[in-house]
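Thank you all for coming; I would like to take a few minutes to walk through one structure. Please have a look at it first, and then we will go through its spaces and its parts.

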Amino acid sequence: MLLYLFLILPVISVTSRSWNIHDRSVPKTISDRLIELATQGAFRGVTYYRLAALADTIGPRLCGNESLTQAVDWIRNAMTSEGLENVHVEQVQIPHWVRGEERVQLIQPRYAKLSMLGLGNSVGTGSKGIQAPVLVVRSFDELNVRCEEARNKIVVFNPQCDWKAQPIDCYGVVVAYRSGGASQAAKCGALASLSRSAASHSIDSPHTGMMTYDSSYPKIPAASLSVEHADMLERFQQRNQSIEILLYMEAQTLPDVTGYNLVAEIKGSILPNETVLVSGHLDSWDVGQGAMDDGGGAMISWTVLSLLHYLNIRAKRTIRCVLWSCEEFGGIGADQYFLAHEDEVPSMSIVMESDMGVFHPLGLEFQGNDKAQQIIQTISQQLISINATQVIPGGGGTDIRPWQLRGVPGASLYNDNWNYFAYHHSNGDTMNVLNSTDVDLAAAAWAVYAYAIADLDDLLPR
């Protein structure tokens, strides 16, 4: 019970630090008050504490798993007790994939356990597993050239990329093999597909993620290998050593279940039917704690409402927080939300999603026209005190993409996430990746941008 109460209530007995929060000698803007409250006042450390309570107590929240429903219920009760407005859930139908037991055993040229994680949507191997020789390729083009060699083998995709120079680009390159490798291998008669983890740095840590099947080809099991073990298999092949492995996966997809998007608001004072949407996804993969991806984004979006509620401040427009369900399987909850709220496209000023970490904030990634960009750049000057004034192109997100495709401006938190893909979708995504100071600053930046946009005289131009 005590842990639950801390999710609801900030610690009020905070002493002033670098300046007196009760000093009225210098008039403060609303942005100043939001920053002060989040970083020095009663909400200092609260966002991090909420996230830690969620991540430690409930843990990872796989789409379709009961833990995701528990997280929704927990936060909904906390939001309601806090006094936020219009707190409710909206039902969605979501897939229910189950990992089960899994392992990869190297048989030749020596016995060794390989580090692996099955990929979401993959089928299992059957009770006996799959024992077969290995073919390592670096690209789909190489597989096509060596297609006959792949028959009755386990294909290992080991694409190479310079992560230090282009981490976002490299993620896209490597994920292409995680997502589509199984069907490409099956086309050549392979028995299973293993792919190099999409990781910028590794300490023998496999990274999972979603894969898809092409209905034109048989469904074969798919998993990821740690960077180290994918490279080792390739070195075996370069030395013309025989490679044989045993893959065992109990993965299966069960019937769809009911999931929930969680919604809360601070109603607008003048234009309550116009909206600024802040969001993060509450689901995660079933490894680590889902702290960075995307518990942090969900928590700072909740904190936006908490700060405004605590200060009894309303923008002209409604600020709505949505915590999405089942982003990791392709934005399924968000797509259904959009279909149910499509009539709000004309009245939606901006859709914001934080899903790339809550490290030290630098500003905002923004997608919109030039006039809207200039407005956001002006707003950014309200964040000089925490040096979060950079506005750069970007601002996409799986969950907000349907709105953006209809012309609604979009934004995401621009933060110092250079090492994001070292932990992403792995057992390393834990609270230890984050620190309370940066999370407070991220929440403050997120709140200032959301409030300032909601308080404009007009909707953002599009």
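This is a predicted model: local features need pLDDT of at least 70, side-chain atom pairs count only at pLDDT 80 or more; totals for chains, interfaces and linings use all residues.

**The largest pocket and what surrounds it**

Let me begin with the largest pocket, which is lined by 33 residues, and of these Tyr171, Asp355, Met356, Thr398 and Phe421 lie nearest its centre. The elements that give two or more residues to that lining are helix H7 (167-187), strand S16 (410-415) and helix H13 (420-423), with H7 giving the most, namely six residues. Residues are numbered from 1 along each chain as its sequence is written, and side-chain values use heavy atoms, with hydrogens and water left out.

As for terms, on a 1 Å grid over the protein atoms alone, a pocket is an open set of points with protein on both sides within 12 Å along at least five of seven lines, a cavity is a set where a 1.4 Å probe fits but cannot get out, and lining residues have an atom within 4 Å of a point. Helices (H or I, at least four residues) and strands (E, at least two) are DSSP runs, numbered from the N terminus.

About 870 Å³ of space lies in the largest pocket, and its lining residues divide into 11 nonpolar, 14 polar and eight charged. The C-alpha centres of the two domains are 34 Å apart, and 14 residues of domain 1 are in contact with 20 residues of domain 2, where contact means heavy atoms within 4.5 Å.

There is also one cavity of 30 Å³ or more, and the residues that line the largest cavity are Ser284, Trp285, Val287, Asp293, His425, Ser426 and Asp429.

Turning to helix H2 (residues 30-39), seven of its 10 residues are buried, which is to say under 20% relative accessible area with a 1.4 Å probe, protein chains only. Among these buried residues are Leu34, Ile35 and Leu37, and what covers the buried residues of H2 includes helix H9 (291-311) and helix H14 (436-454).

Finally, an unreviewed UniProt entry carries the annotation "domain: Peptidase M28" over residues 261-447, although such annotations may be inferred rather than shown by experiment.

Key
Buried means under 20% relative accessible area, exposed over 50%, partly exposed in between (1.4 Å probe, protein chains only). Grid points are joined across faces, edges and corners, and a volume is the space filled by probe spheres set on the points. Ala, Val, Leu, Ile, Met, Phe, Trp, Tyr, Cys and Pro count as nonpolar, Asp, Glu, Lys and Arg as charged, and the others, Gly among them, as polar. Domain bounds come from an automatic or database domain assignment.
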